[in-house]
Amino acid sequence: MKRFKKIQQFCGFVFSILLMCCLMNVSDTLAATDMTEVKVSLGNAGGELIFVPNHLEFTAGKKYKILLDNPSPIKHYFTSKDFADASWTQNVKAGNVEIKGAIHELELKPAAEAQWNLVPMKPGKYELHCSIPGHKEAGMIGEIVVLSE
């Protein structure tokens, strides 16, 4: 009888672990589908010093997947330190690398792509610019607006 109870407890434990793993997988899948995609190009194929689009709007507390690309023949930076500080970064994915932690700017070399998963937390207006000398002054600027929930 004791042996049967131990087997029953063990089976219950294994079942609980399997159920938790399944639920975590489902919640990860649902979380991924809850993200709103926003595409931003740093420059263009003609070499213009611009962000496309140069005005981004987010809602505080909502999940976003920012898809960045650089179709330009030169490197650019996506720099918005105050916006980054006012957001919770889940991760940044580029190539086969996933980066976690505080992010303040992203450098994209020509033809590079990156994905920044985040949740803006603090409503406000934030400056976006390319921090390469001369790029901001030439017009590579934008605005990020985070609206209240």
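This is a short tour of the structure above, stop by stop, with something to select at each one.

**Before you start**

You're looking at a predicted model, in which local features need pLDDT of at least 70 and side-chain atom pairs count only at pLDDT 80 or more, while totals for chains, interfaces and linings use all residues. Residues are numbered from 1 along each chain as its sequence is written, and side-chain values use heavy atoms, with hydrogens and water left out.

**Stop 1: the whole chain**

Show everything as a cartoon. The protein has two helices and 11 strands; these are DSSP runs numbered from the N terminus, with helices being H or I of at least four residues and strands E of at least two. Walk along from the N terminus and the elements go α-β-β-β-β-β-α-β-β-β-β-β-β.

Of the 149 residues, 34% are buried, where buried means under 20% relative accessible area, exposed over 50%, and partly exposed in between (1.4 Å probe, protein chains only). Among contacts between residues at least 6 apart in sequence, 76% join residues at least 24 apart; a contact means heavy atoms within 4.5 Å.

**Stop 2**

Two strands count as paired if DSSP finds at least two bridges between them.

Strand S6 (residues 87-94) runs antiparallel to S7, joined by three bridges. To see one of them, select Lys93 and its bridge partner in S7, Glu98.

**Stop 3: strand S11 and its partners**

Next, select S11 (residues 141-147). Strand S3 (residues 55-59) runs parallel to S11, with five bridges between them. Strand S10 (residues 124-129) pairs with S11 in the antiparallel sense, over six bridges. For a bridge of each kind, pick Phe58 with Val146, then Lys125 with Val145. Strands of a sheet pair through backbone hydrogen bonds, either parallel or antiparallel.

**Stop 4: the rings**

Rings of Phe, Tyr and Trp (its six-membered ring) pair if their centres lie within 6.5 Å; planes under 30 degrees apart are stacked, over 60 edge-to-face, and the rest tilted. The count comes to six aromatic pairs.

Look at Phe51 and Phe78. Their ring centres are 6.1 Å apart and their planes at 90 degrees, so this pair is edge-to-face. Phe51 lies in strand S2 and Phe78 in strand S5, so the pair ties together parts 27 residues apart in sequence. Phe51 and Phe78 are both buried.

Then look at Phe58 and Tyr64, with centres 4.6 Å apart and planes at 85 degrees, so that pair is edge-to-face. Phe58 is buried at 1% relative accessibility, and Tyr64 is buried at 4%.

**Stop 5: the nonpolar core**

A nonpolar core is a set of buried Ala, Val, Leu, Ile, Met, Phe, Trp, Tyr and Cys residues joined through side-chain atoms within 4.5 Å. Which members of the largest one, with its 28 residues, touch the most other members? Select Val40, Phe58, Phe78, Trp116 and Ile144. Beyond four places in sequence, the contacts of Val40 include Phe51, Leu56, Ile66, Leu68 and Phe78.

**Stop 6**

Go to helix H2 (residues 81-85) and select Ala84. Ala84 is buried, with a relative accessible area of 6%, and touches Ile103, His104 and Trp116, not counting residues up to four places away in sequence.

Last, find Asn70 in the loop between strand S4 (64-69) and strand S5 (76-79). Is Asn70 buried or exposed? Asn70 is buried, at a relative accessible area of 1%. The Asn70 side chain reaches the backbone oxygen of Leu108 at 2.8 Å, and one of its polar atoms lies 3.3 Å from the backbone oxygen of Lys109. Both are polar contacts: N or O atoms within 3.5 Å, where within protein one must be able to donate a hydrogen and the other to accept it, and residues adjacent in sequence count only if both atoms are side-chain atoms.
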